[in-house]
Amino acid sequence: MKLRTFGRHWKEGIKNLARNGWMSFASVSAVTVTLLLVGVFVALLLNLNEVGSQIEDDVEVRVFIDLTAKEQQQEALKQKIQGVPKVSSVTFQSKEEGLKQLIKSLGDEGKAFSSLEKENPLNDVFIVKTANPQDTIEVAKEVKNFKSVEKVEYAKDTVERLFKVMNVSRNVGLGLIIGLLFTAMFLIANTIKITIVARKREIEIMKLVGATNWFIRWPFLIEGVLIGVLGAVIPISLLVFGYDYIYTEITTRYPTLFIDLLPVYPFVLQLAGLLVLIGMIIGVWGSFTSMRKFLRV
Amino acid sequence: MIEMKDVWKTYPNGVKAVNGIDIKIDKGEFVYIVGPSGAGKSTFIKMIYREERPTKGQIVVNGTDLSKLKERQVPRLRRHIGIVFQDFKLLPKLSVYENIAFALEVIEESKPNIRKRVMEALDLVSLKNKARFLPDELSGGEQQRVSIARAIVNNPDVLITDEPTGNLDPETAWGIMDLLEEINNKGTTVLMATHNKEIVNTIKKRVIAIESGMIARDEIRGEYGYEA
Ligand SMILES: Nc1ncnc2c1ncn2[C@@H]1O[C@H](COP(=O)(O)OP(=O)(O)O)[C@@H](O)[C@H]1O
Ligand SMILES: [Mg+2]
């Protein structure tokens with residue numbers, strides 16, 4: 001395409017946008033609302049994922065070894081646990097180590113337990129990790145019945161609830177996002193259809209004097225892209241400042257929180273890029289769907 | 001220049017508009033297409049610039065077999081064909097100059113080239129002094145001259161006109177005929193579908209008469225042959 005022609009297409013696209021002002025405004029607003037929600041959802045989902053994977057890393061099954069078990073039996077048990085499918089590692093933690101950790105994790109109050117060092121009431125423990133954290137439930141159930149096992153412990157409720165919440169919110173969020181995207185696309189398609197109907201005669205003449213389909217398409221594509229990009233401006237500004245604000249609030253107010261949110265940069269920049277891209281795609285898509293039948297002259 | 005071999009056209013609604021036409025039109029000819037309303041004249045013409053495609057048969061324009069033409073090659077075909085309509089098809093918000101220049105802009109001609117060619121075309125149709133007028137400010141005959149100027153501004157090999165005088169009073173119609181003859185004299189092939197008996201009988205040219213989608217007559221210096 002010649003540079004001159006490219007300039008012309010932009011002028012025409014902007015003219016189209018200005019000519020049906022209210023419809024353009026409605027489409028831009030629809031994109032704005034959509035992208036705002038998409039942005040919030042994406043930010044939530046990604047952070048949920050991040051937190052989830054941090055917690056997942058901590059998910060483990062603690063296998064309490066029977067106090068009467070001899071070293072040989074312990075070794076046999078270890079072999080057996082390692083033989084269970086989906087188990088990725090089995091680590092031995094002696095009762096002395098266990099007590100040390102407990103005292104340490106309790107800080108000052110833990111010192112009171114120091115006296116127990118002689119009469120350690122704890123068990124020796126196998127710490128079992130699975131390749132996929134969701135498998136801990138299954139593995140725990142199986143290991144429970146092995147010989148020399150006194151009991152197994154795992155964060156049953158936490159794990160199960162966490163996965164349920166994550167799956168549900170992921171699905172609901174995705175469903176909503178897809179619905180919203182289609183709505184916005186439909187509105188853009190309608191706006192552009194109005195432009196095209198208004199210029200039907202012009203398009204017919206263009207085709208009759210030998211204009212290519214792409215020559216005719218460009219201004220409408222540009223119109224769609226402009227609607228998409230304009231619609232992304234407000235959501236991006238709100239999300240960049242909003243996320244920065246929330247991140248700062250949470251990290252300064254709850255510095256001891258055991259989870260880490262995604263850092264502001266580069267996250268918000270990636271999010272902004274994503275929103276502009278989505279805006280452009282629904283704009284282009286919208287104009288393509290509304291143009292198809294008008295080019296058949 | 002234009003050749004049709006056993007061409008048929010049935011519209012999707014079942015109307016058989018063209019039923020087995022064989023025709024050959026040479027470069028530089030001036031041809032009238034006559035026949036009663038609904039005979040298939042417009043359909044015949046539309047197939048030449050590929051607004052309609054034949055159901056069956058072969059059409060060759062300027063050496064190009066239209067059945068082998070891909071959709072994206074149609075613009076190139078049309079750049080060699082000028083088309084004029086009974087209702088002019090001018091853009092009301094553009095001036096006379098802009099309406100003609102439009103045809104060159106959309107095929108990406110350069111600005112200076114556009115200016116030069118539009119002025120030449122305006123000169124040919126004697127409307128140089130009305131270049132800045134809007135179509136509504138012109139008479140019917142003048143509007144038709146603008147649409148002819150737009151059709152010929154990129155020097156097409158053939159000018160196709162569908163009842164170009166249909167909306168004009170007789171006197172104005174003669175003026176348009178003078179213009180079409182002048183364009184023909186410069187070497188452009190001219191095809192004209194018409195109902196105008198007086199013109200056909202006075203300015204003697206080849207006459208192709210179409211009835212019920214078939215060629216009823218084809219005479220070198222023909223007569224209109226119907227009661228107008
Ligand atoms: N797009 C169309 N769809 C269906 N039928 C059509 C269409 N265009 C023309 N026809 C029919 O085809 C026949 C020939 O029409 P047309 O070629 O316009 O004749 P003419 O120009 O000689 O009056 C008519 O019966 C007309 O109703
Ligand atoms: Mg007709």
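Helix 1 of chain A contributes the most to the lining of the largest pocket, giving eight residues, in what is a predicted model. That pocket has a volume of about 880 Å³, and 27 residues line the largest pocket, with A:Glu12, A:Lys15, B:Leu94, B:Phe102 and B:Glu105 the closest to its centre.

**Largest pocket**

- At least two lining residues each come from helix 1 (3-19) and helix 7 (200-208) of chain A, and likewise from helix 3 (96-105) and helix 4 (111-124) of chain B.
- By class, the lining of the largest pocket holds 15 charged residues, nine nonpolar ones and three polar ones.

**Second largest pocket**

- The lining of the second largest pocket consists of 13 nonpolar and three polar residues, with no charged residue, whereas the lining of the largest pocket includes 15 charged residues.

**Cavities**

- Three cavities of 30 Å³ or more are found when the whole structure is searched, and the largest cavity holds about 120 Å³ of space.
- Thirteen residues line the largest cavity, and those closest to its centre are A:Leu208 and A:Val209 from one chain, with B:Ile81, B:Ile83 and B:Ala151 from the other.
- Helix 7 of chain A, together with strand 6 (81-85) and helix 5 (140-152) of chain B, are the elements that give two or more residues to the lining of the largest cavity, and strand 6 of chain B provides the largest share, four residues.
- Eight nonpolar, three charged and two polar residues make up the lining of the largest cavity.
- The second largest cavity has about 70 Å³ of space, and its lining is formed by A:Arg8, A:Glu12, A:Asn16, A:Arg199, A:Glu202, A:Ile203, A:Met206, A:Ile216, A:Pro219 and A:Phe220.
- Helix 1, helix 7 and helix 8 of chain A each supply at least two residues to the lining of the second largest cavity, which divides into five nonpolar, four charged and one polar.
- A:Glu12 lines this second largest cavity and is also listed among the residues closest to the centre of the largest pocket.

**Ligand 1**

- The residues around ligand 1 include B:Tyr11, B:Asn13, B:Val15 and B:Ala17, as well as B:Pro36, B:Ser37, B:Gly38 and B:Ala39.
- A backbone N or O atom of B:Gly40 lies 3.0 Å from an oxygen atom of ligand 1, and for B:Lys41 a backbone N or O atom lies 2.8 Å from an oxygen atom of the ligand.
- In B:Thr43 a polar side-chain atom lies 2.5 Å from an oxygen atom of ligand 1; ligand 1 taken alone exposes 550 Å², of which the protein buries 66%.
- Helix 1 (residues 41-48) of chain B gives the most to the shell around ligand 1, with three residues, and the shell divides into six polar, five nonpolar and one charged.

**Domains of chain A**

- The domain assignment of chain A gives domain 1, made of 3-55 and 162-295, and domain 2, covering 60-154.
- Taken over C-alpha atoms, the centres of domain 1 and domain 2 of chain A are separated by 51 Å.

Key: Residues are numbered from 1 along each chain as its sequence is written. Chains are lettered from A and ligands numbered from 1 in the order in which they are written. This is a predicted model: local features need pLDDT of at least 70, side-chain atom pairs count only at pLDDT 80 or more; totals for chains, interfaces and linings use all residues. Side-chain values use heavy atoms; hydrogens and water are left out. On a 1 Å grid over the protein atoms alone, a cavity is a set of points where a 1.4 Å probe fits but cannot get out, and a pocket is an open set with protein on both sides within 12 Å along at least five of seven lines; lining residues have an atom within 4 Å of a point. Grid points are joined across faces, edges and corners, and a volume is the space filled by probe spheres set on the points. Ala, Val, Leu, Ile, Met, Phe, Trp, Tyr, Cys and Pro count as nonpolar, Asp, Glu, Lys and Arg as charged, and the others, Gly among them, as polar. A residue is near a molecule or strand if one of its heavy atoms lies within 4 Å of it. A polar contact is a pair of N or O atoms within 3.5 Å; within protein, one must be able to donate a hydrogen and the other to accept it, and residues adjacent in sequence count only if both atoms are side-chain atoms. Accessible areas come from the Shrake-Rupley method with a 1.4 Å probe; for residues, only the protein chains shown count as cover. Domain bounds come from an automatic or database domain assignment.
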